[in-house]
Amino acid sequence: VSTQSTGKNEVPENKVPLVMLHGMGAGIGIWVLNLDSIAKNRRVFAIDLLGFGRSSRPKFPDSVDGVEEQYISSLEQWRSENNLDRFTLLGHSFGGYLATLYAKKYPQHIAHLILADPWGYTKMPEQKMQIPLRWKLIINVMKPFNIFSGLRAAGPLGPRLVNKMRPDLQMKFNKHVKDVDAVPNYIYHCNAQDPSGEVAFKSLHLELGYAKCPLIDRISDLNRDIPITMIYGAQSWMEPTNGYRVQELRDGMAPVGVELILNAGHHVYADDPARFNSLLNHACSMYETRELPN
């Protein structure tokens, strides 16, 4: 598991460290607008999930249980090797899905669970959406393929394809990253290798962005003493209503905070980094002195 850590010798030892898990198709580098701000106050560990970035690309099982267990076991092994006994865990999108599962299995290590526009909470509606025939055909044609197959097929033209398909990504970072080619090149190279992580995600994914085993049905099983903060982009395709539903399901347990960043979409950490960093710093400091669950 590839790791970037900061702040080892510059922050007080009593500050609870933060572990950051990126989302689908990304890597450590997506936190470039956040690391400096957060690392002023505590140690920060940003890791590449298995199958992404510079981490190894293992073969995953085909089942939901198998994929989840392999990811959670790898995170626990990483924690043990880094001698982290107590930390705040942040996950964005797919990273939020995995962060929830890790906290569920190993609550004794989690001071605070922070979820940024987390994927995998929403249940697929019983009444299927009306999808135009053209899009149904496209979806059926693409089903056998992994998400970034086209990107890999483009070869050296991959970074240009990233720019063409997602020009918004470069716009999010270009005020802070001087090299205009850095972001598309990074996204391309995060996904140009063996699509191990994509295959794993595909085993968890139902269709149209829904999870096979949505977390909204499992969040009540999370240890009652773990506080949660959920940060959503107001313009995201994720549903902030899930945050309010989690509050209802965990009524009488540790607090669940729901924050909405008005001018942000799914990439809340980059759409409004100043607001996101402020919320994250505040959330990290809220429960530093609480006792951990057994």
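Author: Hi! A definition to begin: two strands pair if DSSP finds at least two bridges between them, and strands (E, at least two residues) and helices (H or I, at least four) are DSSP runs numbered from the N terminus. This is a predicted model, where local features need pLDDT of at least 70, side-chain atom pairs count only at pLDDT 80 or more, and totals for chains, interfaces and linings use all residues. Residues are numbered from 1 along each chain as its sequence is written, and side-chain values use heavy atoms, with hydrogens and water left out.

Reader: Nice. In what order do the strands of the open sheet come?

Author: The order is E1-E3-E2-E4-E5-E6-E7, 7 strands with mixed pairing.

Reader: And which strands stand at the edges?

Author: Strand E1 (3–6) and strand E7 (256–261); each has a single partner strand, so one side of each has no neighbour in the sheet. From one strand to the next, the twist averages 15 degrees.

Reader: How many bridges join E2 to E4?

Author: There are 4, between E2 (residues 18–21) and E4 (residues 87–92), and the two run parallel. Met-20 is opposite Leu-90 in E4.

Reader: What does H10 touch on the sheet?

Author: H10 touches strand E6 (228–233) and E7, a contact being heavy atoms within 4.5 Å. Its direction makes about 165 degrees with that of E7, taking axes as lines fitted to C-alpha atoms, for helices over the stretch in contact, with angles from 0 to 180 degrees between N-to-C directions.

Reader: New topic: is Asn-242 buried or exposed?

Author: Buried, at 10% relative accessible area; buried means under 20%, exposed over 50%, partly exposed in between (1.4 Å probe, protein chains only). Asn-242 sits in helix H10 (residues 241–249).

Reader: Which residues does Asn-242 touch?

Author: Tyr-121, Thr-122, Ile-216 and Tyr-232, leaving out residues up to four places away in sequence.
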